[in-house]
Each structure stands twice: as C-alpha cells, then as structure tokens.
Amino acid sequence: MKTPPTSLRAHSVPIRWRREVECVLINEFQLARRIHEMSKEIEHDFHGREMVVVALLNGTVMFLADLIRHLSLPLRLDFMGVSSYGLGTESGELVFTKELRLDVRGRDVLLVDDILDTGKTLHKVLGKLRALKPRRIKTCVLLDKAARRVEPVQADYVGFEIPDFFVVGYGLDFAERYRNLPFVGVLHPQIYKIASKRVIKPRVKNTTARKRK
C-alpha cells in the first residue's frame with residue numbers, strides 16, 4: 001500500500017481516531033455532494049423504469065442509505081452477502097452468505113457495492129445475477145481502486161477514483177471496525193501490518209488411541 005502524500009496527511013482527523021487513521025481521504029461534504037450527483041445520473045438512466053437495487057453486505061450500508069434516499073424512482077431493494085476469507089489485507093475465497101429474495105428476471109437491476117478493487121467480487125456477483133436473466137444490470141460503487149484490478153470489471157457509476165490506499169470508514173471496515181466513521185480515511189499501515197502477522201495455529205486433535213494398561 002502507498003503512503004498518502006503530505007497534502008492528504010494534512011487533512012484533519014478527529015482526535016479519537018488519530019492513532020489509527022492517518023488522514024481523511026474523502027470528507028463528509030465531499031461524500032454528500034458526490035452521492036447526490038450520482039443519484040441524478042442514475043435517475044436519468046433509469047427514467048420510466050422500476051428497478052431492483054441489489055446491495056452487497058455489509059460495506060454498502062451507509063452509502064446505500066444516502067444514495068437511495070435521493071432517488072425518486074420506484075424501486076425494490078434486496079441484498080446479497082459475499083464474504084472473502086483470507087489472511088490480513090489479502091482477499092481469499094469468495095463465499096455467498098446471503099442469496100437474493102426478489103425475482104429479478106426481466107427487471108432493471110442496479111448493483112451497489114462499496115469499493116471496486118481487484119474486481120473479483122463484482123465479477124462473481126455479476127455472473128450470478130446474469131444467470132437470473134434480468135433485463136439489464138448497471139453497477140454502482142462508491143470507490144474505484146483501479147491499481148489493484150485483476151478482473152476486467154468496470155462500474156457504470158463511480159463515486160471516487162482512489163489510489164492504492166487501505167481505506168476505512170463510511171461503511172468500509174478492517175476486521176469489522178471503522179464502519180461507523182462518517183468519512184473515508186486511510187488506515188495507519190501499522191494497524192493492518194500487525195494484524196497480518198498474527199497467525200492463528202489450528203488446533204490439532206490428538207487421534208492417537210490410548211494404550212490400555
């Protein structure tokens with residue numbers, strides 16, 4: 001991960017978070033303004049259609065709430081759960097933890113995610129959604145980190161393009177922390193480096209039969 005330049009590090013971080021968050025990358029005002037702009041783009045493209053908004057849990061919660069409250073279009077809302085099991089900051093195997101409840105066949109779908117980096121998650125989710133035969137699918141992400149892309153995936157609506165920083169806040173987490181920050185911040189490297197070095201050794205069950213005396 002890169003180190004933020006001095007201009008970014010100068011952004012004020014609330015005292016409570018200064019030991020863990022290096023800088024504020026995107027503040028509350030910038031988030032609100034851009035999300036409002038994105039909602040207008042979506043309304044223009046989906047005009048006259050009812051859409052199904054499919055959000056990926058859990059990182060989208062704050063972004064999703066702010067986005068859909070600006071949408072005056074008729075919509076239905078559903079969620080999919082996708083978890084990546086890996087070590088430290090590296091993504092691992094993708095597992096679906098929640099399936100769609102609504103039928104999207106023949107419908108317009110807006111797929112919402114918090115961040116597009118490697119593209120592995122969106123690639124897998126898009127494949128699953130296309131198999132359900134929707135009329136069309138548009139993708140919407142708050143953050144786009146193109147430097148880490150390994151799958152040829154692009155979002156139709158992007159809030160912010162960011163460098164290869166480890167970001168948290170506004171729904172994004174590290175080890176299920178920092179989701180509640182009202183801004184997007186860059187995590188101090190020592191936080192995730194320390195966590196990445198923690199290796200939990202599996203317990204090995206002793207299957208050796210005891211000898212009878």
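Predicted model: local features only at pLDDT ≥ 70, side-chain atom pairs only at ≥ 80, totals over all residues.

Me: Where is Asn58 found?

Reply: Asn58 sits in the loop between β2 (51-57) and α3. The peptide bond that leads from Leu57 to Asn58 is cis, and its omega is near 0°.

Me: What is phi at Lys133, then?

Reply: Lys133 has a phi near 60°, which is positive in a residue other than glycine. This residue belongs to the loop between α4 (120-130) and β6 (136-144).

Me: And what about phi at Glu176?

Reply: Glu176 is not a glycine either, yet its phi is positive, at about 65°. Its place is in the loop between β8 and β9.

Me: Is Glu176 buried or exposed?

Reply: Exposed: the relative accessibility of Glu176 is 53%, and the cut-off for that class is over 50%.

Me: You mentioned β8 and β9. In what order do the strands of the open sheet run?

Reply: The order is β1-β9-β8, with 3 strands and antiparallel pairing. The edge strands, β1 (21-26) and β8 (167-168), each pair on one side only.

Me: How many bridges join β1 to β9?

Reply: There are 4 bridges between β1 and β9 (residues 184-187). Within this pairing, Val21 is opposite Leu187, and Cys23 is opposite Val186.

Me: What stands opposite Val167?

Reply: Val186 in β9 stands opposite Val167. β8 and β9 pair over 2 bridges, in the antiparallel sense.

Me: Changing topic to the helices: at what angle do α2 and α3 cross?

Reply: The axes of α2 (residues 28-45) and α3 (residues 61-68) cross at roughly 60° and come within 9 Å. The crossing is right-handed.

Me: Which residues of α2 and α3 meet there?

Reply: From α2, Ile35, Met38, Ser39 and Ile42 meet Phe63, Asp66 and Leu67 of α3. Sorted by class, this contact has 5 nonpolar, 1 polar and 1 charged residues.

Terms used:
Residues numbered from 1 in each chain as written. Heavy atoms only, no water. Pairing = 2+ DSSP bridges. Axes fitted to C-alpha atoms, helices over the stretch in contact; angles between N-to-C directions. Left-handed = near helix turned anticlockwise from the far one by under 90°. Contact = heavy atoms within 4.5 Å. Nonpolar A, V, L, I, M, F, W, Y, C, P; charged D, E, K, R; others polar. Buried < 20%, exposed > 50% of the residue type's maximum accessible area, 1.4 Å probe, protein only.
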